[in-house]
Amino acid sequence: MKYSYYPGCTLRNKAKDLDEYARASARALGFELEEIEDWQCCGGVYPLGTDEIATKLSSVRALNQAKEKGQDLVTICSACHHVIKRVNDDMKNVEDIRTRANNYMQLDEPYEGETTVLHYLEVLRDKVGFDKLKEKVVNPLTGKKIGAYYGCLLLRPGKIMAFDDPENPTIMEDFIRALGAEPVVYPYRNECCGGYISLKEKEMSQNMCQKIEDSAKGFGADMLITACPLCKYNLNKNASSELPVYYFTELLAEALGVKEEVAK
Amino acid sequence: MQRIGVFVCHCGSNIAATVDVKKVVELAAKEPGVVHAEDYQYMCSEAGQAKIQEAIKEKKLTGVVVCSCSPRMHEATFRKAAERAGLNPYMVEIANIREHCSWIHKDMEEATKKAVILARAAIAKVNLNAPLQPGESRVTKRALIIGGGIAGIQTALDIADAGYEVDIVEKTPSIGGRMSQLDKTFPTLDCSACILTPKMVEAAAHEKINIYTYSEVEHVSGFVGDFTVDIRKKARSVNMDKCTGCGVCQEKCPSKKIPNEFNRGLNNRTAIYTPFAQAIPNVPVIDRENCLKFKTGKCGVCSKVCQAGAIEYDQQDEIVTQKYGAIVVATGFDIIKLDKYDEYAYSQSKDVITSLELERIMNAAGPTKGHLERLSDGKAPKELVFIQCVGSRCSDDRGKPYCSKICCMYTAKHAMLIRDKYPDTNVTVFYIDVRTPGKNFDEFYRRAVEQYGVNYIKGQVGKVIPQPDGSLLVQGSDLIDNKQILKKADMVVLATAIEPNPDVRKIATMLTASIDTNNFLTEAHAKLRPVESPTAGIFLSGVCQGPKDIPETVAQAGAAAVKAIGLLAKDKLTTNPCTAKSDELLCNGCSTCANVCPYGAISYEDKQVNDHGIRETRRVAVVNTALCQGCGACTVACPSGAMDLQGFSNRQIIAEVDAICR
């Protein structure tokens, strides 16, 4: 199976490993991530302004490229996924944005939200299947107690993201189980880490991240996993950092026995 | 040619402000057949009716058109007025220029045009009307009550006391319903069982009341005054006549791990069980899905220990068929499932409970013998938080748009009882609004605040956070202080929205009674006929019609009983003469009409006909006018045009359409 793939800028810089482990794991699981050409930064934040389209165009270009190839578009970074999925929803359902974006783009055929946007975890759950993933695991992470940290971008707004139940998500716990480890459910797993507020009001983010870490530790987690570079940054920098935080793809690569391949 | 009078009502300003009534009179007067036209401020008033009667006599009218409100409102009024003046009531037609015109339009010119067209259509129809004579049907002097909760019991008692036979059909093994699960009742705090049990006993002992428990209504046919109902008596596996209710079978039953529905699954019951101590009848049932004897064929302990020999494993379901004149729906409610409200951690913590679960915990016969304790560790909670409107007044599709009405009062009750019994337990209530209309209700709520020191916070809760030490954190907002609150709690109680019993859809379909988007049964008129269904002979009692507390439910139960008694007291009912009629000369006996008839009103007979001098025997459709409801399905289905609906004939409908399109 071949997917169009949108890595995003952070995965080219600070979060290189998030990307590389994902690609190696995809090869091990037998699906291909075909990076789209000339992709641009998604902007990092979904633009709420309704009177301008410039900030949405990068997402529309990526979405349209996938449409032209007839492929689903896969993302990994929570922020990219959030922005692209919501822009796609706008192109499908908000006539004003759709018209103006298409007027500007002058595509051969107008883009109207036809592309399916999938997060890498959704590919694992809905396309590969967690049962199948379990079969492919060569180094089960037995004995590890892992807290899934969802953050907010993957889950909300629930109706548009349609990723999982925003109040009681299970996809990452099922993923952890498939790798042979034990998921630790803790109530702050879907709370926000503070995101960019870390730049302006560090204390607020510290407060939020510490709550997340304390809650996970309290319920017995040895480590956290996340799909978001910004969440990882905040949890590392703005909490006491007693819990290691990993990208979910790193543990995936480890369990599939392809981690070394990336390190080389 | 008819001599038609047209009467245009102003309805105060309801019609006259949007429709130029004088213009309607002027143009209607020019229509064929019209010999008289006038307008009046309130046509339904006595003076207005007198004007119609006068005109009928003076102008020798043979038909009347009243341009006014919906026929559902005043058709009967005007038909009776015409009848008193010697006109056949079915010669009166209503042109609805209020609901269908003035209320929904703003532009006077357009609305007037439309009103004239509606009048014209009605005039065209009256030109083809023929006098009709209503028939009569008999009334079976017996009522069926579906549901044996307090609503059903009260309605049954009131009807039975008036001297009519009543059957109660209850799905569960005992009557008593939701009220039997409650501990205390507001606003007087008397014990629920103490006031309910005497009513249950009275119903069971009443010579006119017959109770079918563990039974369901399976099929309903017929019509007002003459319903035929099949009732499925599910196999109880225990002989009702032999059982003495000693309870030994329940003590000895080895399947003890079945969630106890009566205690909301907070503890377990056995496979052979009576739901609660005061159950009526006090005869257990065997839950066959969980009984070892039925699952594996081995066991049979209950049969061995039963001194009375009452256990009958080979009992079969039984169908009882009975005739009724009136049916009362009293199917009650349940609370909604909380799977869409995971922010309150109901599925994650045992110490987050619903208010109905708290009722069972507070009850001496409940899972904790009436001691307020946490279900996780059995400790007494010191900090208790109530969250109001969980699933009620909800604007998205997770919950219900309506107010569940009972929660403000029962939460005040719970708070007060807990503060009274456990003075060192702090109680906090998060609310959107406190709604306490009702006699002595607001005084009751204020007592909770002022005398019992219950801490009410106006604001909603965003999240309940289970802590590693087993306690809970409640994250909410205080709208009056404008601040965020993080409150530690040992137990959280959710005032969960109520919804109609899920079986009500099935029952409404059987009864052809209408239900609204929330599955509450619709009343015939929201204000003026609140206990009747639009389907004749069906009455509504209790929460099946809308959220209610116990006093309101009992009041409505009585009202439903009075309406049913009013029906049962009649020996004969006047039937609607607007029924289908088959033209024998056109009918070819194809059976199409019988196949589409929802009431089974059409049969076939071999009849001698005289078709233009040819005498022969033909198979033709015959309509039973007592069963026909005048829906018109057959007239549309009939391929040869033989079926026609009296009062709404094909010619009349086409004349109306022609008049509109002219």
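Colleague: How many bridges join strand 25 to strand 26 of chain B?

Modeller: Start with the rule: two strands pair if DSSP finds at least two bridges between them. Here, seven bridges join strand 25 (residues 472–478) of chain B to strand 26 of chain B, and the two run antiparallel. Asp478(B) sits opposite Lys483(B) of strand 26 of chain B. This is a predicted model: local features need pLDDT of at least 70 and side-chain atom pairs count only at pLDDT 80 or more, while totals for chains, interfaces and linings use all residues. Residues are numbered from 1 along each chain as its sequence is written, and chains are lettered from A and ligands numbered from 1 in the order in which they are written.

Colleague: What is a strand or a helix here?

Modeller: Both are DSSP runs, numbered from the N terminus: helices are H or I with at least four residues, strands E with at least two.

Colleague: In what order do the strands of the open sheet in chain B come?

Modeller: The order is 24-25-26 in chain B, with antiparallel pairing in an open sheet of three strands. Strand 24 (461–466) and strand 26 (483–489) of chain B are the edges, each pairing on one side only. On average, neighbouring strands of this sheet are turned by 20 degrees against each other, direction ignored. Angles run from 0 to 180 degrees between N-to-C directions, and axes are lines fitted to C-alpha atoms, for helices over the stretch in contact.

Colleague: Where does strand 21 of chain B find a parallel partner?

Modeller: Strand 21 (residues 383–390) of chain B is joined by five bridges to strand 22 (residues 426–431) of chain B, and they run parallel. Leu384(B) faces Val427(B) of strand 22 of chain B. Strand 22 of chain B also pairs with strand 23 (residues 455–458) of chain B, in the parallel sense over four bridges. There, Val429(B) stands opposite Tyr456(B) of strand 23 of chain B.

Colleague: Which helix goes with strands 21 and 22 of chain B in a β-α-β unit?

Modeller: To judge the hand, point the strands away from you: a crossover is right-handed if the path from the first strand over the helix to the second runs clockwise. Strand 21, helix 12 (residues 407–421) and strand 22 of chain B make a right-handed β-α-β unit. Strand 22, helix 13 (residues 441–450) and strand 23 of chain B make a right-handed unit too.

Colleague: At what angle do helix 6 and helix 7 of chain B pack?

Modeller: Helix 6 (residues 150–161) and helix 7 (residues 192–205) of chain B pack at about 50 degrees, with axes 10 Å apart. That makes helix 6 of chain B oblique to helix 7 of chain B. The classes are roughly parallel under 35 degrees, roughly antiparallel over 145, roughly perpendicular from 65 to 115, and oblique for the rest.

Colleague: Is the crossing of helix 6 and helix 7 of chain B left-handed or right-handed?

Modeller: It is left-handed if the near helix is turned anticlockwise from the far one by less than a right angle, and right-handed if clockwise. Helix 6 of chain B passes helix 7 of chain B in a left-handed crossing. Residues in contact (C-beta atoms, placed from the backbone, within 7 Å) include Ile150(B) and Ile153(B) of helix 6 of chain B, and Leu196(B) and Met200(B) of helix 7 of chain B.

Colleague: How many residues of chain A and of chain B take part in the contact between the chains?

Modeller: Six residues come from chain A and eight residues from chain B.

Methods:
Contact = placed C-beta atoms within 7 Å.
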